[in-house]
Amino acid sequence: MKDRGFTILIEYIGIVLGCALTALGLVLFLAPNTIAPGGVTGLSVVIQEVFNIPIDATNLIINIPLFIIGLFVLGSTFGVKTIFATVTLSALIRLFIIIFGDSYVLTGDLLLSAIYGGVIVGAGIGFVFRSGGTTGGTDVAGAIINKHFPHFSVAKSMMILDLVIVIIAGIIVKNIEISLYSVVALYIIVHMADFVIEGLNYSKAFYIISNYPDEIGRKINLELDRGVTILEGRGFYTGEQKDVLLCVVNRAQVAKLKKLVHEIDDDAFIMVTTIHEVLGEGFKQIENKR
């Protein structure tokens with residue numbers, strides 16, 4: 001019970017940290033240059049430009065009805081962490097506006113603003129997602145659209161909504177460059193968030209087809225201390241039955257495994273694919289959320 005309480009505390013600290021980074025990227029880089037990289041925060045930047053309504057207020061005004069609709073349409077999928085993250089983000093945006101001023105411009109260079117704003121906001125969103133939260137916005141709207149129009153996936157719905165917001169930003173300021181830089185920021189945000197969520201702890205899965213599967217399997221067990229799974233395969237052209245070895249290793253063992261296989265069978269056929277997360281013995285353990 002004590003461990004569970006500590007885990008929850010760490011998750012909420014992660015959400016606060018993520019919201020702080022998101023707010024910082026918006027206030028210092030994106031909002032001052034009207035770069036609107038999709039999402040409700042991007043729409044808030046546009047509304048501030050047109051109606052002079054602060055982005056923190058707009059973020060709450062739009063997200064709260066979305067959250068209520070989401071509860072009715074989708075059930076309890078979006079819970080306490082979504083409310084906490086949404087309110088925290090708006091509060092931190094207001095705090096940074098008070099600290100830096102609502103017209104503070106760190107750089108007027110649109111490319112630099114899109115890059116650095118995208119990196120900081122993307123890192124922030126990644127921390128929020130990694131902590132099990134969400135800042136609401138287009139992910140909630142996308143899920144609602146998917147509920148009524150199943151042929152539109154959540155990801156596709158979010159992408160459409162984000163692109164519409166990006167286009168609106170360019171129209172509002174009558175500058176196509178704003179839309180183009182907003183797309184750059186959106187791209188960076190998505191990939192930075194993925195990077196934070198997945199981290200550098202990726203692994204490699206090897207599929208090995210050889211005439212000496214037993215020898216290779218034993219050597220992998222002994223020298224790399226990794227498990228090996230034998231899959232049954234059959235050549236389409238020859239019809240010959242062959243064992244396919246499946247083995248997952250960390251980054252440090254990739255070169256060693258290649259060398260090990262070729263020492264036994266120089267003609268072995270090897271396929272290598274990247275795996276962003278491996279759960280189980282010898283890798284990351286499955287977290288007990290109960």
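1. Basis of the note. This is a predicted model, in which local features need pLDDT of at least 70 and side-chain atom pairs count only at pLDDT 80 or more, while totals for chains, interfaces and linings use all residues. Residues are numbered from 1 along each chain as its sequence is written, and side-chain values use heavy atoms, with hydrogens and water left out.

2. Overall arrangement. The secondary structure comes to 10 helices and 4 strands, these being DSSP runs numbered from the N terminus (helices H or I, at least four residues; strands E, at least two). Along the sequence they follow the pattern α-α-α-α-α-α-α-α-β-α-β-β-α-β. Of the 290 residues, 40% count as buried, with buried meaning under 20% relative accessible area, exposed over 50%, and partly exposed in between (1.4 Å probe, protein chains only). Among contacts between residues at least 6 apart in sequence, 73% join residues at least 24 apart; a contact here means heavy atoms within 4.5 Å.

3. The largest nonpolar core. A nonpolar core is a set of buried Ala, Val, Leu, Ile, Met, Phe, Trp, Tyr and Cys residues joined through side-chain atoms within 4.5 Å. The largest has 29 residues, of which Cys 19, Leu 26, Ile 55 and Ile 93 touch the most other members. Two or more residues are given to this core by each of helix 1 (2–30), helix 2 (39–51), helix 4 (80–100), helix 5 (110–130), helix 7 (154–172) and helix 8 (176–198). Leaving aside neighbours within four places in sequence, Leu 26 is in contact with Ala 31, Pro 32, Thr 41, Val 45, Ile 55, Ile 93 and Val 121.

4. Thr 22. This residue lies in helix 1 and counts as buried, at 3% relative accessibility. Apart from neighbours within four places in sequence, Thr 22 is in contact with Leu 89, Ile 120, Val 121, Gly 124 and Ile 125.

5. The structure holds 4 salt bridges, each defined as a side-chain nitrogen of Lys or Arg within 4 Å of a carboxyl oxygen of Asp or Glu. Glu 11 pairs with Lys 81, the closest N and O atoms being 2.6 Å apart; since Glu 11 lies in helix 1 and Lys 81 in helix 4, the pair ties together parts that are 70 residues apart in sequence. Both of these residues, Glu 11 and Lys 81, are buried. In another salt bridge the side chains of Arg 94 and Asp 56 meet (3.0 Å, N to O). Arg 94 lies in helix 4 and Asp 56 in helix 3 (residues 55–74), so this pair ties together parts that are 38 residues apart in sequence. Arg 94 counts as partly exposed at 30% relative accessibility, whereas Asp 56 counts as buried at 10%.

6. The second core and helix 10. A second, separate core of 13 residues includes Ile 208, Val 249, Val 254 and Leu 257. In helix 10 (residues 254–264) the buried residues are Val 254, Leu 257, Leu 260 and Val 261. They cover an arc of only 130° around the axis, which puts them on the same side of helix 10, the arc being that of the directions from the helix axis to the C-beta atoms. What covers these buried residues includes strand 1 (203–209), helix 9 (213–224), strand 3 (241–250) and strand 4 (269–275). The face of helix 10 turned away from its buried side carries the exposed residues Ala 255, Lys 256 and Lys 259.

7. A salt-bridge network. Lys 219, Glu 223 and Glu 263 are linked in a network of salt bridges. Lys 219 forms a salt bridge with Glu 223, the closest N and O atoms being 3.8 Å apart; the two are 4 residues apart in helix 9 and are therefore separated by about one helical turn. Glu 263 lies in helix 10 and is partly exposed, with a relative accessible area of 49%.
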